[in-house]
Amino acid sequence: MTGPELAEAGRLLAAARRPVVFTGAGMSAESGVPTFRDAQTGLWQRYDPQELATPAAFRADPALVWGWYEARRRGVRRALPNPGHRAVAAIQARLPATVVITQNVDDLHERGGVPAPVRLHGSLFAPRCSACARPAPLPSDLPPPAGTPVPGAPEARDEAEPPGGPVSHAPEPQDGPLTPPACAGCGAPVRPGVVWFGEALPSAALDAAVEAAAGCDLLLTVGTSALVHPAAEIPVVAARLGAPVVQVNPVPTPLDAICAVNLRGPAGEVLPALVRAAWPDADAG
Ligand code: APR
């Protein structure tokens, strides 16, 4: 990616001292982790979120819901951070006051070099009791920890893009229902540590996100459709308080109108180019 938009976005990034990077599912798309609403490929195109991502769904069929999240977690375990994740880490390395806020429940920011993103929608790696909220251990039948080479798993864009784009790590039909483990404390079923539709966001994370957006001097929004609230209000908070907003997304979103610059392209290509535009000497990760 080149052009005046990229140059302008690079100028804004180079001038920033307290940037916020706000990410959604598109950030991990090039790692083979499906988004939610992309046509055909998005999870919600293939599965009914009301059947899988609500407290009522879990009460109605805990094994169906647990099995589905376990399948997603195995998929994420096989995935690798893409150059977009590493570019975000490069921004934070260059500007330590950078706050990374994510809606994603995968751990690709951490594996991509951002140790502590603000997690608005929880994590696939933090199961807890559905009754007493006691943290629960991760099931042991998972593949080896992150970074262990998984035979046949592609390198996300590190090496030549596999023919036909990144291998999808979406849940597969054989990834069926699975009885959730019982809480070691009270015996109730363990649930995924994610925020389901109809549930409140973790207040500490939401407060931290609003505070960062209110105090930032640039907000970079990457790979979100900005349709799910209250998370989608984070870029609006920054814009309302005068910070320039730069969007990275291949398609228009409801945020277009508040953005100083809209960069139309995939995060894995645009973010490294943006880092190089801001800091020509930088290693974009
Ligand atoms: N690079 C950048 N953006 C991309 C890429 C890519 N490679 N591929 C797709 N996108 C964009 C899509 O155009 C879309 O606008 O990413 C966005 C993904 O949107 P959603 O699937 O709606 O994901 P998100 O915005 O993160 O959803 C918010 O909704 O389902 C809930 O809790 C879930 O956190 C999620 C929330």
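## Cavity and ligand site

The second largest cavity has a lining made up of Trp-66, Tyr-69, Glu-70, Arg-73, Leu-124, Pro-127 and Pro-192, where a cavity is a set of points, on a 1 Å grid over the protein atoms alone, at which a 1.4 Å probe fits but cannot get out, and lining residues have an atom within 4 Å of a point. This is a predicted model, in which local features need pLDDT of at least 70 and side-chain atom pairs count only at pLDDT 80 or more, while totals for chains, interfaces and linings use all residues. Residues are numbered from 1 along each chain as its sequence is written, and side-chain values use heavy atoms, with hydrogens and water left out.

The lining of the second largest cavity divides into 5 nonpolar, no polar and 2 charged residues, and the space in this cavity is about 40 Å³. Over the whole structure, the search finds 2 cavities of 30 Å³ or more.

The ligand is surrounded by 22 residues, each with a heavy atom within 4 Å of it, and the closest are Phe-36, Arg-37, His-121, Thr-224 and Ser-225. This shell comprises 10 nonpolar, 9 polar and 3 charged residues.

| Residue | Protein atom | Distance to a ligand oxygen |
|---|---|---|
| Phe-36 | polar backbone atom | 2.7 Å |
| His-121 | polar side-chain atom | 2.8 Å |
| Gly-223 | backbone N or O atom | 3.3 Å |

Taken alone, the ligand exposes 740 Å², of which the protein buries 92%, with accessible areas from the Shrake-Rupley method with a 1.4 Å probe.

Definitions and conventions:
Polar contact = N/O pair within 3.5 Å; in protein donor to acceptor, adjacent residues only side chain to side chain. Nonpolar A, V, L, I, M, F, W, Y, C, P; charged D, E, K, R; others polar. 1 Å grid on protein atoms, 1.4 Å probe; cavity = no way out; pocket = protein on both sides within 12 Å on 5 of 7 lines; lining within 4 Å. Points joined across faces, edges and corners; volume = space filled by probe spheres on them.
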